[in-house]
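Me: Could you take a close look at one helix in this model for me, start to finish, and then tell me a bit about what else is going on around the structure?

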Amino acid sequence: MVQSLPMTLLANLNPQQYEAVTTQSKQTLVLAGPGSGKTRVLTQRIAYLVQEMGVAPYQILAVTFTNKAAREMRARVENLLSQQLQDIWLGTFHSICARLLRRETNALPYRPNFVIFDEGDQETLIKRAIRELNIDEKTFRPAGVLASISNAKNDLKLPQDYPSQSYRDEVVKRVYERYQSLLVDNNALDFDDLLFVAVRLLRENPDICRRYASRFAQVLVDEFQDTNLAQYELLKLISSYHKSIFVVGDEDQSIYRWRGADYRNVLRFEKDYPDCQKILLEQNYRSPQNVLDTARAVINRNPNRTPKLLFTDRGNGDTITLFEAVDDTSEAAYVVDTIQQLVMSKSAKPSDFAIMYRTNAQSRLLEEAFLREGMAYRLVGAQRFYGRREVKDCIAYLRLVHNPDDEVSLSRIINVPTRGIGEKTVLSLILAARSAHISPGQVLIDLGQNGDSSRFWSALSGRGAMLLADFGVLLGNWIEQKDKISLPALFDQILEDVVYQEYIEDNSDEGEDRWGNVQELRKLAFEYQDRGMTEFLENLALVSDQDTLPEAADAPTLLTLHAAKGLEFSQVFIIGLDEGILPHSRSKDDPEQMMEERRLFYVGITRAKDRLYLVRAERRSQYGAYEFSEPSQFLADIPATLLKVKSSSSSTRRRSSSSYDFSEQISSATRWAPSKPVTPTPEIQQRFRAAMRVKHPTWGEGMVLDSRMIDGEETLDVFFESVGFKRLMASIANLEIL
DNA sequence: AAGGCCCTTCTTTTT
DNA sequence: GAAGGGCCTT
């Protein structure tokens with residue numbers, strides 16, 4: 001029995017994967033190129049730990065990037081082991097921290113019913129702090145101040161640690177201080193707090209830290225290159241007892257620097273754990289060689305990276321198509337047309353396709369094009385649903401019932417639907433609350449309970465006091481009902497009490513849509529009725545874009561390049577390959593950011609399992625008016641031989657046939673690198689190409705992984721069956737092409 | 001207090 | 001081209 005297991009567990013792993021899954025080293029760093037099977041390594045590693053090394057599931061902590069990835073990983077491990085693994089802590093950094101913090105509120109200035117503030121809530125609160133401090137909102141934009149505070153938290157800096165080098169620093173520091181105490185008053189944590197407070201909890205309470213650290217005998221981390229300092233520190237603390245930590249990542253896929261992610265955590269890891277074992281996964285099982293060559297041509301321009309081989313035995317595959325549309329509308333039309341043609345010719349099915357773009361706004365024209373053609377599509381993006389005003393309103397009601405101290409939710413819905421409680425009344429409510437050192441929500445409840453004998457009654461104007469008391473009665477009722485009736489029943493009760501349906505249904509199509517969204521949320525509440533409000537609200541706050549991807553539908557997927565990380569599709573379109581879009585104009589001045597734009601493109605390219613389409617438009621409407629755009633500088637880095645260039649103009653001239661004159665393509669292709677210092681086109685002198693089979697006099701047969709010209713010498717990376725990777729000069733090596 | 005209108009503003013990526 | 005803010009009228 002025990003003997004047969006490794007067979008099923010470890011079958012079909014290549015030597016590097018096998019080593020990673022079964023390593024006995026305590027600290028392991030797996031550097032995994034795209035499509036190299038890192039998810040597989042992680043799942044099998046967990047299964048191996050449980051089955052072969054006798055690690056109990058509750059001793060395992062595994063961190064993924066999205067909830068979806070966590071769910072999938074759990075399902076796959078359970079499948080491998082044919083057992084339920086309820087006790088594994090498996091989730092995103094944020095959800096794991098929320099879980100940890102909810103268990104340890106005794107040691108924290110929060111109560112267990114704390115809520116999680118999303119970006120909108122954060123901004124509301126920041127604005128409040130800025131106004132309270134009489135700071136000018138124009139010179140100190142809330143979003144900018146928030147970003148600075150967020151960075152500070154990710155760097156584990158408290159308000160008192162915040163620098164005061166400049167006037168702006170001073171201002172941010174003061175806002176940070178006020179903002180933080182407002183959060184505590186609201187019994188709320190923002191996204192960054194989840195991590196930062198967890199780190200402080202473990203740092204400042206050695207007993208608690210020891211409890212968790214001794215429990216988690218094995219810590220595993222996916223997408224390690226995208227951890228920030230707070231996350232790194234958390235991992236270090238939580239693995240401080242057993243010091244068994246297994247991380248998987250790829251610096252070339254680090255795309256969250258702007259959120260504090262620091263791929264140098266990989267270096268930090270090697271420094272902190274000098275005995276760690278480093279394993280490279282370089283064989284790609286996803287994409288054909290042409291796609292990999294394109295990806296490599298793009299990423300190789302980034303300096304200071306550990307060069308990684310990227311090879312496949314899948315063959316060259318189709319040429320990459322580069323399409324140049326006249327404008328952004330025809331860019332979208334081209335994508336939809338091409339998909340329709342391929343679907344109709346049965347070369348692919350709708351769900352094989354993904355369309356990736358740099359900014360969410362780019363999805364609009366695509367959606368319109370799909371709608372025009374009557375084709376279904378699925379759009380990845382949590383904002384789409386949870387960002388809706390009516391959805392946020394309903395969530396605010398639930399949050400307020402769950403945590404009456406949540407002032408942000410209260411102020412959101414205290415007059416929605418309008419019930420005569422205007423600005424002045426709200427202000428007097430807040431003043432009454434402040435002077436009594438309780439939250440406005442508590443004042444409301446008191447007013448509801450005691451009416452004109454409430455101690456707050458006299459502080460408010462007659463009409464205002466009455467309206468507030470009326471609302472307080474409702475709030476008090478809901479809170480009383482909360483634990484007696486089910487979540488969907490409470491939801492219905494609230495909607496009924498505030499006559500919400502009539503408020504949003506105005507007999508327009510949009511009104512119908514809005515009510516539909518509310519119904520959708522109610523359905524979700526129904527699914528959570530056994531798990532309760534806390535979990536419901538927490539999951540609402542922590543959904544990621546990828547989590548919202550509807551599973552079944554046989555339709556193309558529309559998503560940002562960021563959301564595409566970790567996914568793969570047979571046919572990939574990357575649109576908007578124009579200067580200012582990809583790379584984005586906001587990254588222009590900062591070389592580090594430009595490198596990240598490049599990695600983003602790299603991530604997109606390497607999602608393709610079969611075909612890759614790169615698309616751009618000569619003209620696009622940036623803000624209302626059309627503007628001409630230059631081709632993305634990244635296109636110039638792709639060797640012309642890999643690309644088949646098409647454009648709208650030639651396709652209208654020749655209809656949309658695929659009979660393009662080759663010389664026309666080449667001349668067209670060279671346009672992509674007009675004024676830039678391009679390495680002299682090496683194809684002419686080069687004898688070898690990636691994926692060629694070759695024979696060496698002493699090492700025998702092997703496969704060419706890469707060939708390039710260095711100082712006039714053709715330099716090859718070859719993988720030999722006998723000895724593995726070798727780098728050699730073509731002129732000396734005496735290779736025979738097979 | 002509420003709703004409407006016009007003004008600016010400014011647009012990255014997201015847990 | 002959308003969203004929010006400020007200002008106006010009712």
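This is a predicted model: local features need pLDDT of at least 70, side-chain atom pairs count only at pLDDT 80 or more; totals for chains, interfaces and linings use all residues.

Reply: Let's begin where the helix begins: a side-chain oxygen of Asp327 comes within 3.2 Å of the backbone nitrogen of Thr329, at the start of helix 14. The helix itself covers residues 328-344, 17 residues in total. From its first C-alpha to its last it reaches 24 Å, close to the 24 Å expected at 1.5 Å a residue. After the helix comes Lys346, with a positive phi near 60 degrees.

Now for what is tucked away. The buried residues of helix 14 are Asp328, Glu331, Ala332, Tyr334, Val335, Val336, Thr338, Ile339 and Leu342. As a reminder, an α-helix has 3.6 residues a turn, so residues three or four places apart point the same way. Have a look at that list with the spacing in mind: Asp328, Glu331, Val335 and Leu342 are among the buried ones.

What do these buried residues pack against? Their partners are strand 9 (320-327), strand 10 (353-357), helix 15 (363-372), strand 13 (569-574), strand 14 (608-623) and strand 15 (625-628).

Ser570 has a relative accessible area of 10%, so it counts as buried. Setting aside neighbours within four places in sequence, Ser570 is in contact with Asp352, Ala608, Lys609, Asp610 and Arg611.

Away from the helix, there is DNA strand B. It is surrounded by 26 residues, and the closest are Arg358, Asn360, Asn415, Asp545 and Tyr623. By class, that surface has five nonpolar, 13 polar and eight charged residues. Helix 19 (residues 423-436) gives the most to it, with three residues.

In the side chain of Arg141, an N or O atom is 3.0 Å from a phosphate oxygen, while Gly422 uses a backbone N or O atom, 3.4 Å from a phosphate oxygen. On the base side, a polar side-chain atom of His94 lies 3.0 Å from a base oxygen.

Last, the cysteines: a search of the whole structure finds zero disulfides. Cys97 is in none, and the nearest cysteine sulfur, that of Cys209, is 13 Å away. Cys97 is buried, at 1% relative accessibility, and Cys209 is buried too, at 9%.

Terms used:
Residues are numbered from 1 along each chain as its sequence is written. Chains are lettered from A and ligands numbered from 1 in the order in which they are written. Side-chain values use heavy atoms; hydrogens and water are left out. A residue is near a molecule or strand if one of its heavy atoms lies within 4 Å of it. A polar contact is a pair of N or O atoms within 3.5 Å; within protein, one must be able to donate a hydrogen and the other to accept it, and residues adjacent in sequence count only if both atoms are side-chain atoms. Helices (H or I, at least four residues) and strands (E, at least two) are DSSP runs, numbered from the N terminus. Ala, Val, Leu, Ile, Met, Phe, Trp, Tyr, Cys and Pro count as nonpolar, Asp, Glu, Lys and Arg as charged, and the others, Gly among them, as polar. The expected span of a helix is 1.5 Å times one less than its number of residues. Buried means under 20% relative accessible area, exposed over 50%, partly exposed in between (1.4 Å probe, protein chains only). Contact means heavy atoms within 4.5 Å. A disulfide is a pair of cysteine sulfur atoms within 2.5 Å.
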